[in-house]
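Hi,

Here is the structure I promised to pass on.

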Amino acid sequence: MSSATDALMIHQLLGRIVYFHALFIEPALTASPSPGPGPVCCNHGAAPGRRTTDELLPDSAWASLAEVAVTLPAYHQPCPKTDGSCCATCCIAAAAAAVGVSWTLTERHNYRQAEPTETLLRDCGRAAAARLGRVFAAQHAAPCPALDQLTVPDVLPGAQELPLTGELLALWADPTATTRSPVASWLNHCTGLDDVRRVLETRRTGS
C-alpha cells in the first residue's frame, strides 16, 4: 500500500470513532468522577525532545480523537503541564485509552451486562492506547518511550460481546492490512445503543 492509501485508511477509521462516539456513546454517557492528571509526558519528563502536539496535531485528523476524549469521564490530561509542547504521541495514547475505557463501560451498562471489572477497563484502555498510539507514532515518525512500555493483553472483548469496543480494538490492531474488513458491519444499520442491545439479545437467544 502507498502512504497515501495508508493515510486514507487511518482517516476513515478515525472518522468511524467520531461517528460511533457521536451516535452511540455520547448520548449514553453517565456521570462519573473524573480521574486526576496523569504522569508528565515525555517532553516534560526525563526525556524531552519528542515531537510536540503543536507540531503534529493542528489541522490533523488525529485531533478529532482528542476532541472525542475530552468529553469522556475516563479522560485525564496526559500531563500536569499540558501545553503545546507536550509529546504528541503521549497525548494520542491518553485520548485512545479514555475511548477504550469509556466505550467499554458505556456498552456494558447499556447492554445490561455485569458491571465491568477494573481489569477489563484497564485492559481495553491499554489496548486502545497501544494500538492507536503505535499507528500514530509510525505515521508521524514520532516514537515515544512511554508507548513502548504499553502491552496489549492477550484476551480482549470481541464484537459479539461489545460491538463498538471490540470493533475498535480489532480494526486498530492493523488498520492497513489488506484483509481488513469491518468486524460488525451490522452496526451501520443501528441508530443507537438500544438497537445494538436488541441485536445482541436476539443473537444470544436465537429469536
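**What I found**

S102 is buried, at a relative accessible area of 5% (buried means under 20% relative accessible area, with a 1.4 Å probe and protein chains only). This residue sits in helix α4; helices here are DSSP runs of H or I, at least four residues long, numbered from the N terminus. Setting aside residues up to four places away in sequence, S102 touches L72, P73 and A74, where a contact means heavy atoms within 4.5 Å.

Before you read on, a caveat: this is a predicted model, so local features need pLDDT of at least 70 and side-chain atom pairs count only at pLDDT 80 or more, while totals for chains, interfaces and linings use all residues. Residues are numbered from 1 along each chain as its sequence is written, and side-chain values use heavy atoms, with hydrogens and water left out.

Now the whole chain. The protein chain has eight helices and zero strands. Of its 207 residues, 48% are buried. If you take the contacts between residues at least 6 apart in sequence, 77% of them join residues at least 24 apart.

Back to α4. Helix α4 (residues 88-110) packs against helix α7 (residues 163-171) at an angle of about 150 degrees, and their axes are 8 Å apart; the axes are lines fitted to C-alpha atoms over the stretch in contact, with angles running from 0 to 180 degrees between N-to-C directions. That makes the two helices, α4 and α7, roughly antiparallel (the label for angles over 145 degrees). On the α4 side the contact uses V99, G100, W103, T104 and E107, and these meet P163, L164, T165 and L168 of α7.

What about the core? The largest nonpolar core has 46 residues, and W62, L65, W172 and V196 have the most contacts inside it. By nonpolar core I mean a set of buried Ala, Val, Leu, Ile, Met, Phe, Trp, Tyr and Cys residues joined through side-chain atoms within 4.5 Å. At least two residues of this core come from each of α1 (3-25), α3 (63-69), α4, α5 (118-140), α7 and α8 (193-205). Leaving out neighbours within four places in sequence, W62 has contacts that include I10, L14, I92, F136 and W172. There is also a second, separate core of 14 residues, with C41, A129, C144 and L150 among them.

Cheers

Terms used: Buried means under 20% relative accessible area, exposed over 50%, partly exposed in between (1.4 Å probe, protein chains only). Angles under 35 degrees count as roughly parallel, over 145 as roughly antiparallel, 65 to 115 as roughly perpendicular and the rest as oblique.
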